[in-house]
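I opened this model to look up its charged pairs and then the surroundings of its ligand. My entries follow in that order.

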Amino acid sequence: MSVQRTLAIIKPDAVAKGVAGQIITKIEQAGLTILAARMIHMSGEDAGGFYAVHRARPFYQSLCEFMTQGPCLPMVLEGDDAIRRWRDLMGATDPAKAAAGTIRKAFASSIESNAVHGSDAPETAAFEIAYFFSALDIHAR
Ligand code: CMP
C-alpha cells in the first residue's frame, strides 16, 4: 500500500469534552504523521458544503447544526495506507458498534456526536483536504 493523505476532524463534541489531546496522541502513537492542523468554528454554510454528499440524507440538517455548535480541529494525516488506518482507529460510525480500543468507543456519545471524522476514499480525501487547507498549510516531511 502506498503513502496516502487523509482528512481527519476532531469534531465539536470531542473538542468541548477536552479530549482533543488524547485523540492526537492516539494518532501519533499509531504512526500517522500530522502534516497540517487548524481550529475552526464552522458556519452552517461551511458544514453544508463539507457534507454536501449527504444533503439528501434525513440527518443532514441535524449533522450540519452539530458541526457548527463549537470549534473543531481539521487535520491532514499522512502515512502508509493512512485512509484505512485512520478509519480503523476511529471505529464504526455508530459508537454502539465501535470496537474496543477505538476512538469512537472511548469518546463518542451517539451516531451523530461521534467525536471524529475521516475521509473514506482517496477522491474524498483530496476534496476534504482542499476544503480546509491550501498547499502552503501542508507541511510535508
Ligand atoms: P462522519 O464520519 O463525519 O460522516 C458523516 C456523518 O454523518 C457521520 O460521521 C455521523 O456524524 C453522521 N451520521 C451518519 N449516519 C447518521 C445517522 N444515521 N444519524 C445521524 N447522523 C449520522
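**Salt bridges**

I looked up the salt bridges (a side-chain nitrogen of Lys or Arg within 4 Å of a carboxyl oxygen of Asp or Glu) and found that the structure holds three. The model is predicted, so local features need pLDDT of at least 70 and side-chain atom pairs count only at pLDDT 80 or more, while totals for chains, interfaces and linings use all residues. Residues are numbered from 1 along each chain as its sequence is written, and side-chain values use heavy atoms, with hydrogens and water left out.

I noted that Glu78 forms a salt bridge with Arg5, the closest N and O atoms being 2.9 Å apart. This pair links distant parts of the chain, 73 residues apart, with Glu78 in strand β3 (residues 73-80) and Arg5 in strand β1 (residues 3-10); strands here are DSSP runs of E, at least two residues long, numbered from the N terminus.

**Ligand**

A polar side-chain atom of Lys11 lies 2.7 Å from a ligand oxygen atom, and for Arg104 I read 3.2 Å from a polar side-chain atom to an oxygen atom of the ligand. The side chain of Asn114 also has an N or O atom 3.2 Å from a ligand oxygen.

Note on methods:
Polar contact = N/O pair within 3.5 Å; in protein donor to acceptor, adjacent residues only side chain to side chain. Helix = DSSP H or I, 4+ residues; strand = E, 2+ residues; numbered from the N terminus.
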